[in-house]
Amino acid sequence: MSLISSLIHPTEAEQHATQRPRYEVEETDLAFGLTVFLPGVAKSGLEITDDGGELHIKGRRAPGIPEAAPALHRESSDAPYELVFSHDSTVDTGKIVAELKDGVLRLSVPKAESAKPRKIAIN
Amino acid sequence: MRYIQLTNPETRSLVPAALGGRLGEMGLEDQIDWLFGTALSGFAGLSRGGQFPVDLYQDKDNTYVRAELPGVTPDAISAEMVNGSLSIQASRKVKSPEGEENVWFSRLVSLPDDVQADKVTAAYENGILTVTLPVKEEAKPKKISITVN
């Protein structure tokens, strides 16, 4: 196998690999906003779990082309997307809101009450 | 919603041919350049504009072009046939310190010669634009019946 084709066609072991999607994180006083770019992922292929301080996002890409059609040229990868954010107890994972539209996942992760800025009254 | 407009511009599109000419005719050096080019520019350019990944497939009936354009509304995508190549342009609104601004992406994809340019269809789903280009009837393999005397 030549150098070029080994780069383009993954080996057996590489087929189980995942790819890290592009993402952006914003922070406001009340919440963190995560934007994750997941082209080719439908709602049914998306899995978001929170496991003891780690927020896992996994997305399987839906095949969009008839399987019998051979690729002439590839720039994207079929590998599933995987992204893990670790967090401490300053976010309220029970109130995460997620929306997937046109291959873009937007997550709103509210901060825990204790982490929100408080105005302190002065006597 | 219609993505495909047939145009006959006098000059070739202003968008540079990203793949450096016809597929399959790339030399080793071009392939290496292309590999490094895509690895370095790749998807990271999305919020700044520029290129986006494109895949090309072909079966006996159709050629398929798949372009990754997450977060782009279908209205903001245009695809057109330009002298036998497929030109895809899209824009996406991004937040900037000055408010919202549009970033632009474009690719010119060289296509095989046997594409029926007037029967092209396109669909946008899950952030991926799929353009289906039927293969010309005369280019399809024909079965020749042989009679034995």
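Trainee: In β8(B), which residue is the bridge partner of B:Tyr124?

Mentor: The bridge partner is B:Leu129. Please keep in mind that this is a predicted model, in which local features need pLDDT of at least 70 and side-chain atom pairs count only at pLDDT 80 or more, whereas totals for chains, interfaces and linings use all residues. Residues are numbered from 1 along each chain as its sequence is written, while chains are lettered from A and ligands numbered from 1 in the order in which they are written.

Trainee: What makes a set of residues a nonpolar core, and which residues touch the most other members of the largest one?

Mentor: Such a core consists of buried Ala, Val, Leu, Ile, Met, Phe, Trp, Tyr and Cys residues joined through C-beta atoms within 7 Å. A residue is buried if 20 or more other C-beta atoms lie within 10 Å of its own, exposed if 12 or fewer, and partly exposed in between, with C-beta atoms placed from the backbone. The largest core has 27 residues, of which B:Ala67, B:Leu86, B:Val109, B:Leu129 and B:Val131 touch the most other members. Its elements giving two or more residues are β2 (54-58), β3 (62-68), β4 (77-82), β5 (85-96), β6 (99-110), β7 (121-125) and β8 (128-134) of chain B. The largest share, four residues, is that of β8(B). A second, separate core of 15 residues includes A:Leu38, A:Tyr81, A:Leu107 and A:Val109. In soluble globular proteins, nonpolar side chains tend to be buried together.

Trainee: With which residues is B:Leu129 in contact, leaving aside its neighbours within four places in sequence?

Mentor: Contact requires that the C-beta atoms of two residues, placed from the backbone, lie within 7 Å. B:Leu129 is in contact with B:Ala67, B:Leu69, B:Ile77, B:Ile88, B:Ala122 and B:Tyr124.

Trainee: How many residues does each chain supply to the contact between chain B and chain A?

Mentor: Chain B supplies 24 residues and chain A 25. On the side of chain B that touches chain A, α1 (28-41), β2, β3 and β8 of chain B each give at least two residues. β2(B) gives the largest share of that side, five residues. The residues of this side divide into 13 nonpolar, seven polar and four charged, where Ala, Val, Leu, Ile, Met, Phe, Trp, Tyr, Cys and Pro count as nonpolar, Asp, Glu, Lys and Arg as charged, and the others, Gly among them, as polar.

Trainee: What is the mean pLDDT of chain B?

Mentor: pLDDT is the predictor's confidence in each residue, from 0 to 100. The mean for chain B is 73, with 66% of its residues at 70 or more. Among the elements of chain B, strand β1 (residues 4-6) has the lowest mean pLDDT (40) and β8(B) the highest (93). Over residues 1-24 of chain B, pLDDT stays under 50, as it does over residues 38-47 of chain B. Chain A averages a pLDDT of 85, and 88% of the residues score at least 70. For the complex, the predictor gives an ipTM of 0.76 and a pTM of 0.70.

Conventions: Two strands pair if DSSP finds at least two bridges between them.
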